[in-house]
Amino acid sequence: MALTLIRSASRAKVSPMSRADRQFGLRLSAPALALLAMLLVVPAVLTLVYSFHDVPPTGIAPGEFIGLTNYETVFGSPVFWSSLWVTIVFSLGFVVVSTCLGLGFALLLNEAFPGRGILRGLLVIPWACPWLVIGIIWRWFVDGSVGGLNGLLMHLGLTDGYIDFLSNPRSALIIAVIGASWRQACFAAILLLAGLQTLPKELNEAAAIDGAGPLGRFRHVTIPWLRPVLATVIVLNIIYAFLQFDVIFAMTQGGPGDATQVLSILIYRQLFVATDIGTGSALAVILALLSLVGGLITVRLLYRNEA
Amino acid sequence: MTATHDRPRTTIPASSNTPAIRRRPRRRVKRGLVLGVVGLAYLLWILLPMWYVAISSVTTAEQIGVRPMPIIPTDITLDNYVGLLTGNTGREQFGTIDIGTRLIDAIAQSFLVSSILVVLNLLIAGLCAYGMSRYPFRGSRPLHLGVIAARVVPPIAIVGPFFVVFRYADLLDTPWALVISYNVFTLPIAIMVLKDYFDKLPVEIEEAARLDGASRLQIIWVVVAPLARPGLVAAGVLIFLEAWSEFFYSLVLTNQLTVPPLLAGFQSAQQFNWNSLAAATILALIPPVVIVLIFQRQVVGALAAGYDK
């Protein structure tokens, strides 16, 4: 979607608009835009305001203005830094795993083979699953007493007993990444496959005549062609990664200890368990800025390479 | 149309009537092998977790507890589903009420919230997207960018004010709390998908209708609405899925009113076993999966259109 905005900038309008036409457009758009402003901008501004105040647990009044104290509390707390670290590790894993798998799936499903239609149809099923349900499915799939993964590993002779994957900090984080990527890889594959389908056959044929092998064609034809789609996919994956809450909530609730406590889980605990609205809001502002900056940096990097 | 500049410029030789690379048999075997391995990995990736949930939902706790668990269950039972649908899971919460009874209610509430949002959003987002596409006004471009940027705002970052206002207005734990707050993410999607759709829709038919003397409003209802059906369907499906899947606002603003927070509640209820939860999960997945399979073409088209302009 980041691309949508860049591309459509060059779209020129054909006929000049009369004043009445422009007013008509404004009137058509006004209800939706007003609703969004009311529901999105007002609470966002309120959260920003809260973050500079010592808010009482009821939250009705913002309380006393305390400047940057909430931010100082946040930045001075080791819990925040460990949570930030977990968020970065989780996001990196999520973006890499789901983008690479998605690309692999898209390349597979772009080849001609019997049964391709059914395999393509499967792609939308994980995508349509609610994030929370994905968390539940994976939470039990890797369970230490009834889990399917443990059963499979034992059947294959790889282990001789059941392992409680979610009680180990390291494997819990890995499983959280895999579970969340289960859906996102399919989403990435849907977009990338659509991009691959527009790749003209002639480009590959010409490259083959010029002596390029499969790997060379992949590097010099497929990847450059897919770059705009890849950019969109990666930006969306980064945003989804930073905002992920449901999967981790359903799998580990941030545990064991705080091994999977990403920022959104920390904000939830701060706002609704500790009812500390001031620092919770400061954390929320930090998270919003992070996901915005993450998205912008990616767009920059991907477009700089293009020149 | 604007994308040509960033495509690789591979020169096609003038004598391009040479037959394209003919595959040698050995290469074909290799290709088949690679496809087979990757295809199998793909199938396992998607199906293994689903398969596990499916067999868990039709077996008992004793069967699934065998180590290693049976990959194909020998004895199939529908008791988990029957228990949920008749409100008789045998597991009680707060005394005498069987918590299984709440699933049917939650599914009904999820349908109610999602359907209201689809109708409401298609109407106002459709008008907004059409206005921005056909009658761009001063500030419509930055506003459109703002709508896109709204997707980056973490829902959790703005839930606090919602909670406070809804408690004040006595709207907590009602479907209306969700119908109002879900607009935060459903409206931007709907506007984006529909604006994109209208931008691609040729204007000639509308211009002809205008020359015939139709008013701008008449054009919308009589000409554009039927033409835009595929776009409206795609947007409607995306709104429905988004509303059906939403967990966080429903968790915070209601007492397990819709399906996702209820499933989370089932999961944390001590006496509720995994097999019943698996059956509840399958029941909760049926509506979105059926809808997405029916409207697969429109949905994939809308997703792909996110970049293809």
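Q: Before we start, how are residues and chains labelled, and what limits apply?
A: Residues are numbered from 1 along each chain as its sequence is written, while chains are lettered from A and ligands numbered from 1 in the order in which they are written. The model is predicted, with local features needing pLDDT of at least 70, side-chain atom pairs counting only at pLDDT 80 or more, and totals for chains, interfaces and linings using all residues, and side-chain values use heavy atoms, without hydrogens and water.

Q: Where does Cys128(B) lie?
A: Cys128(B) belongs to helix α4 of chain B, residues 102–134 (helices, H or I, at least four residues, and strands, E, at least two, are DSSP runs numbered from the N terminus).

Q: Is Cys128(B) buried or exposed?
A: Cys128(B) is buried, because its relative accessible area is 0% (buried means under 20%, exposed over 50%, partly exposed in between, with a 1.4 Å probe and protein chains only).

Q: And what is Cys128(B) in contact with?
A: Leaving aside neighbours within four places in sequence, Cys128(B) is in contact with Leu28(A), Ser29(A), Ala32(A), Leu33(A) and Ile191(B), where contact means heavy atoms within 4.5 Å.

Q: How far apart are the end C-alpha atoms of residues 172–194 of chain A?
A: They lie 34 Å apart, and the span is 100% helix and 0% strand.
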